[in-house]
2 protein chains.
Amino acid sequence: MIQPNIPETDRPRVVIVGGGFAGINLAKALKHAPVQVVLLDRNNYHLFQPLLYQVATAGLEPDSIAFPLRGIFKRQKNFHFRMAEVKSVNSADNILHTNIGDIKYQYLVIATGSNTNFFGNKVIEEHAIGMKSLIEAVQIRNYVLKQFEESLLMNDESAIRPKLNFVMVGGGPTGVELAGAFAELRKYILPKDYPELPLHLMNIYLIEAGPKVLASMSEKSSQKTLEGLEFLGVKVLTGVAVKDYDGHTLTLSNGDTIVTQSLLWSAGVKGFPIKGIPEDITLPNGRVIVDGVNRMQGSSNIFVIGDIAQQVTDERFPKGYPMVAQVAMQQGKQLGKNIANELKGKPLQPFKYTDLGSMATIGRNRAVAEFSGIRLSGYIAWIAWMIVHLLNLMGFRNKLVVFINWFYRYFTYDRGTRIIIKRGAANIVKLGQTVNQTDPLIVP
Amino acid sequence: MIQPNIPETDRPRVVIVGGGFAGINLAKALKHAPVQVVLLDRNNYHLFQPLLYQVATAGLEPDSIAFPLRGIFKRQKNFHFRMAEVKSVNSADNILHTNIGDIKYQYLVIATGSNTNFFGNKVIEEHAIGMKSLIEAVQIRNYVLKQFEESLLMNDESAIRPKLNFVMVGGGPTGVELAGAFAELRKYILPKDYPELPLHLMNIYLIEAGPKVLASMSEKSSQKTLEGLEFLGVKVLTGVAVKDYDGHTLTLSNGDTIVTQSLLWSAGVKGFPIKGIPEDITLPNGRVIVDGVNRMQGSSNIFVIGDIAQQVTDERFPKGYPMVAQVAMQQGKQLGKNIANELKGKPLQPFKYTDLGSMATIGRNRAVAEFSGIRLSGYIAWIAWMIVHLLNLMGFRNKLVVFINWFYRYFTYDRGTRIIIKRGAANIVKLGQTVNQTDPLIVP
């Protein structure tokens, strides 16, 4: 058994790859454990992904949903952070290869999360826009605002339509929340910002291959969501899949086509395991098979938590847990306790997910929420959604800034952050396109 | 005389180039004038430049000092905005050439502001970092945070020194405020964020070629500023100029050298006039000569306002007005009245600058301010500085978010926005450098 008073550098080192919900909850849970915690991430911040869609739709500033990792752990003495890109793992020698050098570990925890899943469709991957990182969300904001600026310069309907048609693919919470936010942009902001724009040409589509939106929730919540979206003018298409997309024309599985330059893809995510992890324990969706305590199959000191872990020991979830923040947070906390247990020679406790419920917001005063048998919708669910998200947001400053933004938006119907931060932002029209310009301000 | 009730499209068109302090104040002043206002800017937002240094030093989010131009004017019926890059002006035919096409004007107002002046030194221009745009400020923030992350990976003092030496050139308000903010980062944030960093190797230099900092203020305020900066540990060097810089070693006019990878240049600004403006009325610093009503010399319908206008009709300012926000705002307002006057056949009123005073903040509880004979310093000046900046910031939401940030920072000594938003952020060390790495976490 290891004594807590031995110098930190001689303690077993736990290397955590990824500062998402799983990684930071694990690192926190190890605060008093006799270990040295080393957290690696490509970015120097923890990202609150559930609010990414608000950054993409100009409702929140990027900085308010990102929290510097060093700031989170500034009072945790056994914590060390390095900004690094992991290249591969050599599990035989317990060494992690990274772009800043090789790092030895006694325990390795892979918490690298997930990224957009285009299901192998390279054509769609090339033209569609994913939304899993802060940079992607800012790019969506820049891109969408530019579509409006450019539309103003066109008179030809066939040139405007693809710029004003926005298509979300995937009827999960991200797709629903994005579609709702776009519909509110159209309703409250764009008529004031662009009085000259033919907004009747703007359409917001939500495409879901399955039979209903928010499939993980109850029939009733799903129905309420559909009604809410349709009330806001979103064209919801269920039971159709995306077949092809060339950056201009989207072809659906039923043969219909939509012209759009904005295809936002939130139809699925997949894990991206680190090189060196045996392929025979990696599923096609990138998840890595673990046992009941999140230990990687075939290893004694490598653990996998969060989106990338495939844990099928819970009979309620024979296909593995859903790839959501709640699972990641709980697995991180539990693994922290388990590593401490192992060092004390105590048995490890198997992980069991406690479903705290799920919720999605559709728009102003309109959300759905379900937890422990209670089903809410409308205003109450919307308030609950806001409270839950505010409470889970890291840091007092971020909570306050987000609250201010929401409060301000509620009463003014405004979205303050619709700015394009981009070098050469004004190069909005490619030269070949200028022929079409019939902006009344421009000399023909 | 033009009737206000003729359709807007038949009214004389005033084209304003630049949405800075001059441009937006002019556009607002023309709200009830019988004209069509067309504002062009490369960006879709108005930038509150006086707080740029706080974005660069992780004190404020970029979005809180930028306000969408369409939002500012959403209730002004005669206002039209286009995001565009101006190429040149054909004053003989009253046509402005832009990247979105040609725009005719009856009145053209050039309010393009100023950019960093490297005084023709190409070597310095290549390696130094200017701070006039939001993108530059975000880049400084990214860059500075990366210096700290990289320093952690080095053990060799000669490799760390240039990364931890920060040099501001120019002892005006921007240089003073930047240096003070860096000193506070070192004092309050870095020891917590980077307990392993040898912060005694970190130096903050402020270099001013003239005999004193804040030369435009009184001897006493200048002295107070110097004392304040030195109290915070800033090394202030006056009476020395920058001679050379190769990206690593800075050579001063007195022969001294400083190793630094961060040279922040705020030693001067210059105007960048639009092509087509006669060269004989353009000064070497890029300013364009105007008469007492800001009309461009030799033209009847082109006006120039703000930083780029060289107006020498005021005997108090024989070398032209200072390139500050106050002048730009007042010129914008006055020109608005004058254009309305001209359309009514009334005489134009010559512009006369009312100096409302000047101020600079050095750090927490520490600022200098001077207005109408009153001279303040310390806590009172600092409070005054904050109030003036908050009041001048566009939009209620921005005011509130900035206030929250300041309030939070005052009580927690924290800076919430120290995140690196950059693709490939983790590629922090060039391959050649990895030899030097002696991070104790890394296998040698």
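Are A:D193 and A:R418 buried or exposed?

Modeller: This is a predicted model, in which local features need pLDDT of at least 70, side-chain atom pairs count only at pLDDT 80 or more, and totals for chains, interfaces and linings use all residues; side-chain values use heavy atoms, with hydrogens and water left out. Residues are numbered from 1 along each chain as its sequence is written, while chains are lettered from A and ligands numbered from 1 in the order in which they are written.

Both A:D193 and A:R418 are buried; buried means under 20% relative accessible area, exposed over 50%, and partly exposed in between (1.4 Å probe, protein chains only). Their side chains meet in a salt bridge at 2.4 Å, N to O, the term denoting a side-chain nitrogen of Lys or Arg within 4 Å of a carboxyl oxygen of Asp or Glu. This pair links distant parts of the chain, 225 residues apart: A:D193 lies in helix α7 (residues 173–193) of chain A, and A:R418 in the segment after α11. Helices (H or I, at least four residues) and strands (E, at least two) are DSSP runs, numbered from the N terminus.

A second salt bridge, with closest N and O atoms 3.1 Å apart, joins A:E157 to A:R161. These residues both belong to helix α6 (residues 157–164) of chain A and are four residues apart, about one turn of the helix. A:E157 counts as partly exposed because its relative accessibility is 39%; A:R161, at 32%, is also partly exposed.

Over all chains, the count comes to 26 salt bridges.
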